[in-house]
Amino acid sequence: MSRFVDAHCHVSSGDELHGELDVEGPTLRCVMSNNGFDWERLKTVGDAGRLRRGFGVHPWYCHLYSLGETDKRSHYESVLEWKDDDAFESLLERLPEPVPMEEYISREFDPSKVDVVGEIGLDRMFRLPESGYYVHSKRQAPLSRVKVKMAHQMAVFQRFCRLARESRKPVSIHDVRCHGVLFETCVREILPCEEVRVCLHSYTGSPQTLTECWLRRFPEDRLFLSVSKYINFRTEDVGEQLLKLVPPRCILTETDFPVDIEPEEDLQDQLEYTCRQLARVLRLGELDEVKALIYDNYQRFVAS
Ligand SMILES: [Zn+2]
């Protein structure tokens, strides 16, 4: 019997909520890192067992990284956009010293410890929480009106595309309302490097972007869509419409949840629900058939 696959999930990075990271559990997991905080936890899993590690900077954390020589104030002034100066000043007090990006990558990126470059991407909707950056917590800080400039998000995203190219690692990509520009960036930065495979996680672009852009330009064996219950199957119809467009060999399953704090049972439920929907839409019949398909796809996605 095949295992469930969680091709895109996380580990918590807050101070107050930390669970155990199960490296030999029943589910095959590709755990992303979004920043230096969760990477610190993920990299200390000595023998990662069945777990695969992602190394990246998520667009929600890209403002914490600087791309050139700078001081704290000039950095945040140059990468953030705001209308209300008080909101900016109070964020500036809370935000940490920026981390020089090149230093971070050269210190932390060890190709033998990293399986995937991710989570990386672009997010036009993102606003900073009043605490400066998002952490897993029972008390979420309210969102401010301060945003990260798209130019900075793009520069960070491109830097990680280059890392994927140079290290020949697959990428796991987040895209919110940047569908066209993100696709064009991937065509420019990733498509020419034949060894790099792309996973679009919880895809929310249009059917046209998928069929006329992604599936037309990227060979099927280099393109994956990992499907979640809470985004892609928020209704059965939405999920079904998407899955009908995707060749079965390109489909993966995911939760996108922090797997150290979410109960194992809930994680399994999410994956099982998605697999049952896949069985229905692809007319595969048995759950085991779907699991075997996703397992095979996953092995191709993470193959080194
Ligand atoms: Zn994610």
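Two strands count as paired here if DSSP finds at least two bridges between them. By that rule, E10 and E11 run parallel and are joined by four bridges. Helices (H or I, at least four residues) and strands (E, at least two) are DSSP runs, numbered from the N terminus. This is a predicted model, in which local features need pLDDT of at least 70, side-chain atom pairs count only at pLDDT 80 or more, and totals for chains, interfaces and linings use all residues. Residues are numbered from 1 along each chain as its sequence is written.

**The chain as a whole**

- The chain holds 11 helices and 12 strands.
- Its radius of gyration, taken over C-alpha atoms, is 19 Å; this agrees with the value near 19 Å for a compact globule of 304 residues, by the rule of 2.2 Å times the number of residues to the power 0.38.
- Along the principal axes, the C-alpha atoms fill a box of roughly 60 × 40 × 40 Å.
- Of the 304 residues, 41% count as buried, that is, with 20 or more other C-beta atoms within 10 Å of their own, C-beta atoms being placed from the backbone.
- Of the contacts (C-beta atoms, placed from the backbone, within 7 Å) between residues at least 6 apart in sequence, 77% join residues at least 24 apart.

**Strand E10 and its neighbours**

- In E10, Val198 and Leu200 point one way while Cys199 and His201 point the other way, and all are buried.
- On one pairing, strand E9 (residues 171-176) meets E10 in the parallel sense over three bridges, with Val198 as the bridge partner of Val171.
- From E9 the chain crosses through helix H6 (residues 179-189) to E10 in a right-handed β-α-β crossover; right-handed means that, with the strands pointing away from the viewer, the path from the first strand over the helix to the second runs clockwise.

**Helix H11**

- The 16 residues of H11 (residues 287-302) should span 22 Å, and the end C-alpha atoms are 23 Å apart, which agrees; the expected span is 1.5 Å times one less than the number of residues.
- Buried in H11 are Val290, Lys291, Leu293, Ile294, Asn297, Tyr298 and Phe301.
- These residues lie on the same side of H11 because they cover an arc of only 160° around the axis, judged by the directions from the helix axis to the C-beta atoms.
- Among the elements covering them are strand E1 (5-9), strand E10 (198-201), strand E11 (223-228) and helix H10 (264-281).

Definitions and conventions: A residue is buried if 20 or more other C-beta atoms lie within 10 Å of its own, exposed if 12 or fewer, and partly exposed in between; C-beta atoms are placed from the backbone. Two residues are in contact if their C-beta atoms, placed from the backbone, lie within 7 Å.
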